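Please look at the sequence and the model below before reading on.

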Amino acid sequence: MSNEDITLTAGDAEVSVLPGNGGRIGGLRIGGVELLRQGERYGCFPMVPWCGRVREGRFLDGATVRQMPLNSPPHAIHGTVRDGDWRIARAAENEAVITYDLVDPWPHRGRVTHVVTLAEDSLTLTMSVEAYDDSFPAQIGWHPWFNRTLDGVDVQVDFAPAWQEERGADHLPTGKRIDPEPGPWDDCFGMPDGVDVTLTWPGQLELKVASREEWVVVYDEQAEAVCVEPQTGPPNGLNTLPRLVTPLEPLEATTTWSWRRL
């Protein structure tokens with residue numbers, strides 16, 4: 001199948017999936033109200049095979065030091081797939097499956113599969129990375145840009161992390177865990193019982209971002225949007241907390257966004 005845009009529907013919920021623009025979710029509309037910031041860089045893009053920044057684009061791959069392009073100098077950021085063309089494996093009324101084969105500059109052969117499932121009151125995203133030939137470190141995450149304001153009402157962000165990763169001047173975690181600090185944030189938090197963040201637009205909508213993973217980055221330094229990013233490890237995690245993908249054991253993660261009207 002081609003990589004043309006896909007529209008999923010369930011009840012009054014509608015989701016756009018854009019395989020040709022990094023496999024991102026281009027829009028999430030509830031009763032005609034758009035929840036995601038619009039624009040080719042926004043929506044919600046998958047972060048694979050790493051999340052956030054990798055220090056100076058370098059990571060240790062076994063005994064080999066790998067260098068990734070510095071797309072956010074002096075670091076490499078958000079993986080290699082958000083600018084790629086994905087393929088449609090399957091598309092139905094309320095579910096789409098898209099895939100992306102890892103290519104240069106990533107040094108290992110593998111495949112990313114993204115399953116997007118829409119229900120009347122939730123959106124579930126499941127992503128996996130499989131290795132074809134040899135093992136490699138990897139991370140999975142999602143980077144949604146939720147509109148800060150809906151119909152003139154500003155969002156409220158509520159979550160109770162166990163800790164915050166101390167952020168150094170280079171925007172990377174120092175390795176020290178601190179008590180959570182008030183925002184604004186461009187920070188990684190630990191939630192050992194699973195990611196659980198609630199976005200509330202008072203009088204409009206409540207949306208809960210949940211995942212079994214224990215790491216979430218919250219970014220709310222922009223006037224237009226708030227990002228809540230579940231992921232399988234912290235920024236620079238290819239160096240500090242790598243998850244190994246092997247030909248026998250893929251890496252898989254899921255996040256579910258559920259909503260209710262207020």
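Predicted model: local features only at pLDDT ≥ 70, side-chain atom pairs only at ≥ 80, totals over all residues.

Residues are numbered from 1 along each chain as its sequence is written, and side-chain values use heavy atoms, with hydrogens and water left out.

Searching the whole structure gives eleven aromatic pairs. Rings of Phe, Tyr and Trp (its six-membered ring) pair if their centres lie within 6.5 Å; planes under 30 degrees apart count as stacked, over 60 as edge-to-face and the rest as tilted. For Trp50 and Trp106 the ring centres are 6.2 Å apart and the planes stand at 35 degrees, so this pair is tilted. Trp50 belongs to the loop between strand E5 (44-47) and strand E6 (53-54), and Trp106 to the loop between strand E11 (95-101) and strand E12 (110-119), so the pair ties together parts 56 residues apart in sequence. Strands (E, at least two residues) are DSSP runs, numbered from the N terminus.

Trp50 is buried at 2% relative accessibility, and Trp106 is buried at 3%. Buried means under 20% relative accessible area, exposed over 50%, partly exposed in between (1.4 Å probe, protein chains only). Trp50 and Trp106 form one aromatic cluster with Phe59 and Phe136.

Another pair, Trp185 and Phe189, is edge-to-face, with 5.9 Å centre to centre and 85 degrees between the planes. Both of these residues, Trp185 and Phe189, are buried.

Charges also sit over rings, a term that requires NZ of Lys or CZ of Arg within 6 Å of the ring centre and within 35 degrees of the ring normal. Arg37 lies over the face of Tyr42, 3.9 Å from the ring centre, and the charged end of Arg177 is over the ring of Trp163, at 3.6 Å from its centre.

Notes:
Helix = DSSP H or I, 4+ residues; strand = E, 2+ residues; numbered from the N terminus.
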